[in-house]
Amino acid sequence: MTITADVADVAISIDALHVQRGKSPVLHGLRLTVPRGQVVGLLGPSGCGKTTLMRSIVGVQQIESGTVTVLGQPGGSAGLRHRIGYVTQAASVYDDLTVRQNLDYFRRVLGAPAGDTQRVLEATALTPQAERLAGDLSGGQRSRVSLATALLGSPELLVLDEPTVGLDPVLRVELWEMFHRLARSGVSLLVSSHVMDEATRCDRLLLMRDGEILFDDTPAALLASTGKSDAESAFLEVITRQGPPTPARHVLPRKRPGHGARREHS
Amino acid sequence: MNARRLFATTGRVLTQIRHDPRTIALLLLVPTLLIGLVAWIFSDTTVFDTIGPAMIALFPFIVMFLVTSIATLRERRTGTLERLLAMPLGRGDFLAGYTLAFGGLAVVQASIAVAFAVWVCGLEISGPIGLLLLVAVMDAVLGTTLGLLASAFARTEFQVVQFMPVIVFPQILLGGIFLPRDQLPDVLHAISDWLPLSHAIDALNDVAAGVADYGPVWVDVAIIAAWAIGAVVLGSLTLRRRTP
């Protein structure tokens, strides 16, 4: 897993990343590379550090040490802010604005052209709901508004934190198709999920557990190297091969104090 | 700071409020109704002429403080602030956008309160009404900016509500409503000289009394403005893009 690829082919490269939330370390010396123009899945159980990793990539997470390079610039640089689309786990939209008003506001903040609102409405199949208040929509529709916001301004990198949670199967398939369409047009995507059966939809997989990347390759390679037929049991096999955890790092995701309240931290 | 993003934020905040008619009604009418209540309580006395100007300072200030601090806290808790800070929105654009939106509401709110106090409650204003209105608006804007500052420190609704007794109540107690400021113990008098609400109340009293020289009133207005600007600057310095 050495970082040898040309900078032009790499969307994200992270080395020796240490992040602490509250008093407990969440990421301890994490390193990874995300290639450009692919759909990379970040899979792992709840609480393993996926959100913290994604927050570090988009530059809203305080980090202890390590380097995060995104699209050739240090993570969190001002120059990156209009090149990355970020979808938080909870749909971060204004409930007291209509779908169109939400998108128009974020579009103006990004300085994207006026036609962009209609483009992302169509891409996420939200045109029929455009004039409804976001707060009146279903959970799945609200998270699509959040996703539509991230598509504004045609970012080069999309960081999507569990974008398919709570969506019906038909819509989920449609979204994955859209992710691959975007990747073919050159966009890099990092998509997190705790649902293992989504693993096979990715071009590449990062299996994460307790703040560390256990596996980084294609879904086919995962199945081949473990001799399993589905992603879930392959993931279990990868964990088993890691051997028992060191005392400092529990195997099971722990409930950390303040963890559930992470969005309230200032 | 970027004008396009600042005005986009102002427009967005006002659109949000437009979808909530009850908040508009509360925001615009509550200070006026409270001034009316005070006038009614003292209707058989001459007290209202003495404390009426202070009431014009007090109620809009408190209401604007509360509304603004909760609005921005809600933004933090729903994750929209995190999204905005991952976008090219300056922290100054965000806070100034809010100040402008709520400042606009403050103009309407203060106008209604002043008109009601003068023409319905019969508050005697010897000085120019326009200057009285200016001070009242500045005072409501001050409430807005202190609310923005408080919400930069608060992480929960519980905390932000408790910032009110911390930031607002001492200013009321020392502002000269309960006891004229020059009769306060020396230390408290000195402290009250530094508090912006004291200057708002002084200025409104001067205009109501129709003093010969309005120079000190302009000094009061400048002090209130300095506090308001200082609160926004300090707020934007404490607002962090990266959070733990």
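Contact here means that heavy atoms lie within 4.5 Å. By that rule, the contact between the two chains of this predicted model takes 30 residues from chain B and 37 residues from chain A. Welcome to the structure: the points below start where the chains meet, then look at each chain in turn.

- The size of an interface is often given as the accessible area lost when the parts come together.
- For chain B and chain A that buried area is about 3400 Å², with 52% of it on carbon and sulfur atoms.
- On the chain B side, the residues that lose the most area to chain A are Arg83(B), Arg242(B) and Pro244(B), and together they account for 25% of what that side buries.
- The count of salt bridges between chain B and chain A is 2.
- One of them joins Arg74(B) to Asp96(A), and their closest N and O atoms are 3.1 Å apart.
- Polar contacts also cross the interface of chain B and chain A, with 19 residue pairs found where both residues are at pLDDT 80 or more.
- Three helices of chain B each give two or more residues to the side that touches chain A: H1 (3-18), H3 (47-77) and H4 (80-85).
- Among the elements of chain B, H1(B) gives the most to that side, with 8 residues.

**Chain B and its annotated regions**

- An unreviewed UniProt entry lists residues 11-242 of chain B as "domain: ABC transmembrane type-2".
- Residues 54-73 of chain B are 100% helix and 0% strand, with 29 Å between the end C-alpha atoms.
- Residues 217-239 of chain B are 96% helix and 0% strand, and here the end C-alpha atoms lie 33 Å apart.

**Chain A and its annotated domain**

- For chain A, the annotation in an unreviewed UniProt entry is "domain: ABC transporter", covering residues 12-235.
- Residues 12-235 of chain A are 32% helix and 27% strand in the model, and the end C-alpha atoms are 23 Å apart.

**A sheet in chain A**

- Strands of a sheet pair through backbone hydrogen bonds, either parallel or antiparallel.
- In chain A, 4 strands form an open sheet in the order S2-S1-S4-S5, and the pairing is antiparallel.
- Strands S2 (24-35) and S5 (73-74) of chain A each have a single partner strand and stand at the edges, so one side of each is left without a neighbour in the sheet.
- S1 (residues 10-21) of chain A pairs with S2(A) over 9 bridges, and His18(A) stands opposite His28(A) in S2(A).
- S1(A) is also joined to S4(A), by 5 bridges, with Ser13(A) opposite Thr69(A) in S4(A).
- Thr69(A) has a bridge partner in S5(A) too, namely Pro74(A), and S4(A) and S5(A) pair over 2 bridges.
- S4(A) and S5(A) form a hairpin with 2 residues between them, and Leu71(A) in the turn has a positive phi of about 50°.

**A helix across the sheet strands**

- Helix H1 (residues 50-58) of chain A lies across S1, S2 and S4 (65-70) of chain A.
- H1(A) runs at about 120° to S1(A).

Definitions and conventions:
Residues numbered from 1 in each chain as written. Chains lettered and ligands numbered in written order. Predicted model: local features only at pLDDT ≥ 70, side-chain atom pairs only at ≥ 80, totals over all residues. Heavy atoms only, no water. Pairing = 2+ DSSP bridges. Axes fitted to C-alpha atoms, helices over the stretch in contact; angles between N-to-C directions. UniProt positions renumbered as here; feature names shortened; annotations may be inferred. Buried area = accessible area lost by both parts, 1.4 Å probe. Salt bridge = Lys/Arg side-chain N within 4 Å of Asp/Glu carboxyl O. Polar contact = N/O pair within 3.5 Å; in protein donor to acceptor, adjacent residues only side chain to side chain.
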